[in-house]
Amino acid sequence: MADNRRTDSIREYSQGWFDKMVEIWRDRLDVLGVHDTGYLRGSVKKGHFSIGEAGGSLAFQYLEYGIYVDLGVGNGYRRDNGGNLPFLDPAYRLEHHLGKPRQRRPWFNKSWYISVMVLKDKLADVIGEEFAGLFDNLEHRERG
């Protein structure tokens, strides 16, 4: 019975957390002004959700380029470039009429990290309360 209550409590809290994450990410995109086309914001959705006694799985969907927006990278940024990105040089940008370089717009990673820590703490509380409750039923018996 206690296992069912714990699982139900974990499932209920996780479902609320799951729903809230989409709202948080969309709000972050709005606050940061990431809405040129609205495709990224519209792509942020809940995916698979499954919580059971032995564990669970939660998945989200969003357009892959959202990670590049979060990190402030994209076209022109390549692996193993040694840090030499001539298109970031102010003189180069002025000469080629490129305007300001991309800036990080952290809509995903920061929110994700904070929210996962909150979820972890809550689940630890739920499981810890159940574990502590096991000791409430212990009886002291004298040997005689």
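Helices (H or I, at least four residues) and strands (E, at least two) are taken as DSSP runs, numbered from the N terminus. The structure is a predicted model, in which local features require pLDDT of at least 70 and side-chain atom pairs count only at pLDDT 80 or more, whereas totals for chains, interfaces and linings use all residues. Residues are numbered from 1 along each chain as its sequence is written, and side-chain values use heavy atoms, with hydrogens and water left out.

His97 is placed in the loop between helix H4 (90-95) and H5. The phi angle of His97 is near 55°, a positive value in a residue other than glycine. With a relative accessibility of 72%, His97 counts as exposed (over 50% relative accessible area; buried means under 20%, partly exposed in between; 1.4 Å probe, protein chains only).

Ser115, by contrast, is buried, at 9% relative accessible area, and belongs to helix H5 (residues 109-136). A polar atom of the Ser115 side chain lies 2.9 Å from the backbone oxygen of Ser111. Contacts (heavy atoms within 4.5 Å) of Ser115 include Trp17, Met21 and Ile24, residues up to four places away in sequence not being counted.

The largest nonpolar core comprises 14 residues, and those with the most contacts inside it are Trp25, Leu29, Leu40, Val44, Phe60 and Trp107. Such a core is a set of buried Ala, Val, Leu, Ile, Met, Phe, Trp, Tyr and Cys residues joined through side-chain atoms within 4.5 Å. Helix H1 (residues 2-31) gives the most to this core, with 6 residues. Trp25 touches Val44, Phe60, Trp107, Phe108, Ser111 and Trp112, again without counting residues up to four places away in sequence.

Note on methods:
Polar contact = N/O pair within 3.5 Å; in protein donor to acceptor, adjacent residues only side chain to side chain.
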